[in-house]
Amino acid sequence: MTVASADPMTEQRGEEAVIEAGSPGEGADSDYEPIELDAESANTSITSSLYKHSYENGRRYHVYRDGKYPIPNDDIEQNREDMKHAMVLELTNGKLVYAPIGDNPQKVIDLGTGTGIWAIDFADKYPSAQVTGVDLSPIQPSWIPPNLKFLVDDIEDDWVAGSDYDLVYARNIAPVVKDFPKVLKRAYENLKPGGWMETGDFSADVDCDDNTMKPDWPLKVFWDRVQDAMAAFGTEIRIAPRVGQLMEEAGFVNVRKKVFKVPVGTWPLDKTLRLVGLYMRTVTGDFLGAAASRPFRKLGMSEEEIEVFLAGVRKALQTEEVHCYGRYYVWSGQKPEGKGKVVGV
């Protein structure tokens, strides 16, 4: 397996580099300014009236395949997803994709597009491409680039979104689908020969390089419980490190990996990582309510137990003395030249 080398702007944010901690309160307000970037089947067009939702524990969920995805799709979650997009752009110095797709890709699909923010940015940057965003929830905007369309569909169903793609993109999807190897196989079969698949996923865990985090640190315990809860829903939330192996098993070649450390909080000395850490602390804090709504109840935790536990996690998120971080994995794999679509798969 080939591991891609880091570019100069992101090398210090790679997996092996230790993030240098700054002094508490050292950052100025300007340190938190983002960089400027360029930026008949189960399948249903988003132009239909499929806008029904269900409500549970004060949170809104998609009604299509109700209950399959145990995370809300309400405004809180949509804002969190858009912030994650901004955070990833900071980590990657604005790169939307690492796969070598050239300057004029023709056909691109974004699996699990969510709010559609990546697909919109990609369609704007690559006007040559016809871009399709697919998601269970019809939460995407109506004002979009002319070369972009959205579909409501379950990406674990039979593939009905066409074939011969130059790029199949799937961010934050591997940890929440029940059969990601099948998703990879579907993607492989519907790529054109020489086309690329790329994924981007967070580790759903925290680590530390300087022994400031204890094994029972509330945020670490939180992610352990989320792992147990999501497993009860049939998903593997910590799948990100082994996506490359799954790509190879699906037939992809030239598999490449990039890993970025993602600090939690504003403790890093590096200005960009300090902003990333602010984003990560915010999106993690905003995820606590989503975890409490369905996942933790799946573990049999009472409402009082959840409230007490999450209060400790919120307190932990605000400290700057613990220098913890997660990881963000980007995997790219290519369909070999000369490998066309297998009929009937």
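Visitor: Which residues of α8 are called buried?

Guide: I306, F309, L310, V313, A316 and L317. Buried means under 20% relative accessible area, exposed over 50%, and partly exposed in between (1.4 Å probe, protein chains only). Helices are DSSP runs of H or I with at least four residues, strands are runs of E with at least two, and both are numbered from the N terminus. One caveat: this is a predicted model, where local features need pLDDT of at least 70 and side-chain atom pairs pLDDT 80 or more, while totals for chains, interfaces and linings use all residues. Residues are numbered from 1 along each chain as its sequence is written, and side-chain values use heavy atoms, with hydrogens and water left out.

Visitor: What span should α8 have, and what does the model give?

Guide: The expected span is 1.5 Å times one less than the number of residues. For the 15 residues of α8 (303-317) that comes to 21 Å, and the end C-alpha atoms are 21 Å apart, so the two agree.

Visitor: What makes F222 and W223 an aromatic pair, and of which kind?

Guide: Rings of Phe, Tyr and Trp (its six-membered ring) pair if their centres lie within 6.5 Å; planes under 30 degrees apart are stacked, over 60 edge-to-face, the rest tilted. F222 and W223 are 5.1 Å apart at the centres with 70° between planes, hence edge-to-face.

Visitor: What sits over the ring of F309?

Guide: The charged end of R225, 4.2 Å from the ring centre. The rule wants NZ of Lys or CZ of Arg within 6 Å of the centre and within 35 degrees of the ring normal. K298 also lies over a ring face, that of F233, at 4.9 Å.

Visitor: Is K261 buried or exposed?

Guide: Buried, at 3% relative accessibility. K261 lies in strand β10 (residues 253-263).
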